[in-house]
Amino acid sequence: MRVHTTDLGHPGRARSVGLGLALISAFAFGGSGVAAKPLIQSGLDPLHVAWLRAAGAALVMLPLAWRHRALVTRRPALLAGFGLLAVAGVQACYFAALSRIPVGVALLIEYLAPALVLGWVRFVQKRPVTRAAALGVVLAAAGLACVVEVWSGLSFDVLGIVLALGAACCQVGYFVLSDQGSDAGDEAPDPLGVIAFGLLVGALVLTLVARPWTMDWSLLGGTTRMDGTAVAAPLLIAWVVLVATVLAYVTGVLSVRRLSPQVAGVVACLEAVIATVLAWFLLGEHLSLPQIAGGAVVLLGALIAQSSTPATAPPEPVASGGTPQPTAGATATEAAGTAVPARDTTA
């Protein structure tokens, strides 16, 4: 992992700054669902909310995309993959899931992605994984069973669960793409450039899928309800774009550059906790005791899986992402140590 020369003389200070940035990123990503769900409940289609998030963030990041425009010819497949999976796929599936299931449940299911990546490494790439990683997968699956309360039969929303799992699978694709070009050394694409173009590609894809010209634009200037409290829709949109996307990505990238991917990934796990707590207090989404316990087990499994050491480490990362967004140049195993919400990440 590349380290800024200004950080070399003060490793302790750099680590403290990195941890602070990682916490900001986790909080920013964790608040995306809480801000998006009232917009969806007010009448906006989940795909339209996903488009607003991606398009707004792409406009903000446009200067960075122009600065790194050479990436279009150097890494077209990487940029397309990031846009399709890390931006369009994760956000569309996550916001669609939010319209049917609680924020905390959707995000906890999405956090199965690190464990699913380990399955890809073991059974598709035929590479060994540690016992700790396998234990993390088992715990995450058991915790998920509690979160969706499988003993209740089909009382939970099946489509909502499937959509949340779709968001997790899109994150797996993001992690796998992260392995591309990891051995490029100094020729590795700049992470901010990859993120900027990923948002642009994702916004274009979502434009075709969401068809924003069919959106009821009058809803964007009105008010919505957040657990009974009136909130201006433009404020929620601004939060989703500027805080839950732009700020979350940028602080996530900077934190990973100052921390190891594993440490940044552990801090990023707080995103699910933050989202659940915010949904509890701001949206009134009270989870049952088994769901809370299951969520804790899911997080524990993710932490154990992320603590596994990759069999081989690349000399340089391709790109680093924030919370659901990971280090974009890590190996697939190492990428399990950096969570990304699409997100939304994310989501």
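Helices α15 (270–283) and α16 (289–306) each contribute at least two residues to the lining of the largest pocket. The structure is a predicted model, in which local features need pLDDT of at least 70 and side-chain atom pairs count only at pLDDT 80 or more, while totals for chains, interfaces and linings use all residues. Residues are numbered from 1 along each chain as its sequence is written, and side-chain values use heavy atoms, with hydrogens and water left out.

**Overall chain**

- The chain has 17 helices and three strands; these are DSSP runs numbered from the N terminus, with helices being H or I of at least four residues and strands E of at least two.
- Of the 347 residues, 57% count as buried, where buried means under 20% relative accessible area, exposed over 50% and partly exposed in between (1.4 Å probe, protein chains only).
- Carbon and sulfur atoms account for 69% of the accessible surface of the chain, which comes to about 13700 Å² (Shrake-Rupley method, 1.4 Å probe).

**Largest pocket**

- The largest pocket holds about 190 Å³ of space, a volume being the space filled by probe spheres set on grid points that are joined across faces, edges and corners.
- A pocket is an open set of points on a 1 Å grid over the protein atoms alone, where a 1.4 Å probe fits, with protein on both sides within 12 Å along at least five of seven lines; lining residues have an atom within 4 Å of a point.
- The lining comprises 13 residues, and Val-273, Thr-276, Val-277, Leu-287 and Ile-292 lie nearest the pocket centre.
- Helix α15 gives the most to this lining, with six residues.
- By class, the lining has 10 nonpolar residues, three polar and no charged (nonpolar: Ala, Val, Leu, Ile, Met, Phe, Trp, Tyr, Cys and Pro; charged: Asp, Glu, Lys and Arg; polar: the others, Gly among them).

**Ile-304 in helix α16**

- Ile-304 is found in helix α16 and is buried, because its relative accessible area is 19%.
- Beyond its neighbours within four places in sequence, Ile-304 is in contact with Ala-132, Leu-135, Gly-136 and Leu-139, contact meaning heavy atoms within 4.5 Å.
- Ile-304 and Leu-139 are 165 residues apart along the chain, yet their C-alpha atoms are separated by 8.9 Å.

**Thr-245 in helix α13**

- Thr-245 lies in helix α13 (residues 233–258) and counts as buried, because its relative accessibility is 0%.
- The side chain of Thr-245 reaches the backbone oxygen of Val-240 at 2.8 Å.
- Leaving aside neighbours within four places in sequence, the contacts of Thr-245 are Arg-53, Ala-57, Leu-199 and Val-240.

Note on methods: Polar contact = N/O pair within 3.5 Å; in protein donor to acceptor, adjacent residues only side chain to side chain.
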